[in-house]
Amino acid sequence: MAIKLSRRATLAIPLGAVLMPVLPRLAYAAPSIGAAAPDFSAPDQDGRTRSLSEFRGKVVVLEWTNHDCPFVRKHYNSNNMQSLQRLAAEKEVVWLSVISSPPGEQGHVTPEQAKALTGERSAAPAAVLLDPQSRMARAYAATTTPHMYVIDREGVLRYMGGIDSIASNRVEDVPKAEPLARDAMLAVAEGRAVAQPVTRNYGCAIKYAPGA
């Protein structure tokens with residue numbers, strides 16, 4: 001599938017940096033561990049409007065993604081992300097991939113392209129949510145792709161941060177890294193406390209829609 005991409009360079013977060021949320025001027029209240037996760041309303045790849053409240057009673061994982069980001073490719077090319085998505089399904093966890101790239105920016109896709117990408121990569125999210133106006137990104141203060149969140153069955157945010165502990169775009173680092181998001185997902189699914197509820201996220205900067 002040929003997807004036209006912006007020639008604008010992907011912004012990789014410096015590997016040694018502590019990431020700070022890139023918040024809009026009129027900022028939402030930052031999401032907080034132990035508090036209600038922000039609700040959302042966004043269309044999926046099939047045009048169906050999905051919301052967090054729809055999944056009450058289920059553990060939910062949010063994965064911010066940009067298919068052309070080298071940090072995202074690291075986890076898809078290694079099959080790490082697909083394995084996590086399938087593990088989520090086995091545990092009856094709802095995995096939602098979120099694309100917040102606005103039109104004209106790297107990673108922006110149409111619903112048809114989102115569906116094609118899911119098939120080409122053998123990905124297995126419950127749904128792909130399209131957020132080109134950055135509403136979900138703003139609500140969750142999502143700053144990079146990937147950026148991971150885990151929400152419990154009562155709608156409470158239990159984890160936010162990185163997918164793992166090695167901030168690189170090298171496939172060979174995947175098996176060496178501490179699987180932070182995986183551990184958090186399993187802890188929440190099994191009713192245990194998350195050992196590290198907030199961790200450093202890394203990846204390509206999410207470009208918010210104009211005015212966001």
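Where is the place of Ser122? Ser122 sits in the loop between helix H3 (111-120) and strand S5 (127-130). The model is predicted: local features need pLDDT of at least 70, side-chain atom pairs count only at pLDDT 80 or more, and totals for chains, interfaces and linings use all residues. Residues are numbered from 1 along each chain as its sequence is written, and side-chain values use heavy atoms, with hydrogens and water left out.

**View 1. Ser122 and Ser134, two serines with positive phi.** Most residues other than glycine have a negative phi, and most peptide bonds are trans. Ser122 has a phi of about 55 degrees, and Ser134 has one of about 70 degrees. Ser122 is partly exposed, with a relative accessible area of 43%. Buried stands for under 20% relative accessible area, exposed for over 50%, and partly exposed for values in between (1.4 Å probe, protein chains only). Ser134, in the loop between S5 and helix H4 (135-140), is buried at 0%. Helices (H or I, at least four residues) and strands (E, at least two) are DSSP runs, numbered from the N terminus.

**View 2. The disulfide between Cys69 and Cys204.** A disulfide is a covalent bond between the sulfur atoms of two cysteines; here the term is used for a pair of cysteine sulfur atoms within 2.5 Å. The search of the whole structure finds one, with an S to S distance of 2.2 Å. The torsion about its S-S bond is about 90 degrees, so the disulfide is right-handed. It links distant parts of the chain, 135 residues apart: Cys69 is in the loop between strand S3 (60-64) and helix H1 (70-77), and Cys204 is in strand S9 (residues 204-205). Cys69 is buried at 0% relative accessibility, and Cys204 is buried at 1%.

**View 3. Helix H1 and the residue that follows it.** The buried residues in H1 are Phe71, Val72, Lys74, His75 and Tyr76. They pack against S3, H2, S4, S6 and S9. Asn79 follows H1 and has a positive phi, near 70 degrees.

**View 4. The largest nonpolar core.** A nonpolar core is a set of buried Ala, Val, Leu, Ile, Met, Phe, Trp, Tyr and Cys residues joined through side-chain atoms within 4.5 Å. H1, helix H2 (80-90), strand S7 (147-151) and helix H5 (180-189) each supply at least two of its residues. H5 gives the largest share, eight residues. Another core, of 24 residues, lies apart from it and includes Leu62, Val94, Ala127 and Tyr208. Contact means heavy atoms within 4.5 Å. Leaving aside neighbours within four places in sequence, the residues in contact with Tyr159 include Ile33, Met148, Val150, Leu180, Ala184 and Pro197.

**View 5. Pro102 and its surroundings.** Pro102 lies in the loop between strand S4 (94-99) and H3 and is buried, with a relative accessible area of 3%. Not counting residues up to four places away in sequence, Pro102 touches His108, Pro132, Lys207, Tyr208 and Ala209. Pro132 is 30 residues from Pro102 along the chain, and their C-alpha atoms are separated by 4.3 Å.

**View 6. The cis peptide bond from Thr145 to Pro146.** The omega of this bond is near 0 degrees. Pro146 lies in the loop between strand S6 (144-145) and S7.
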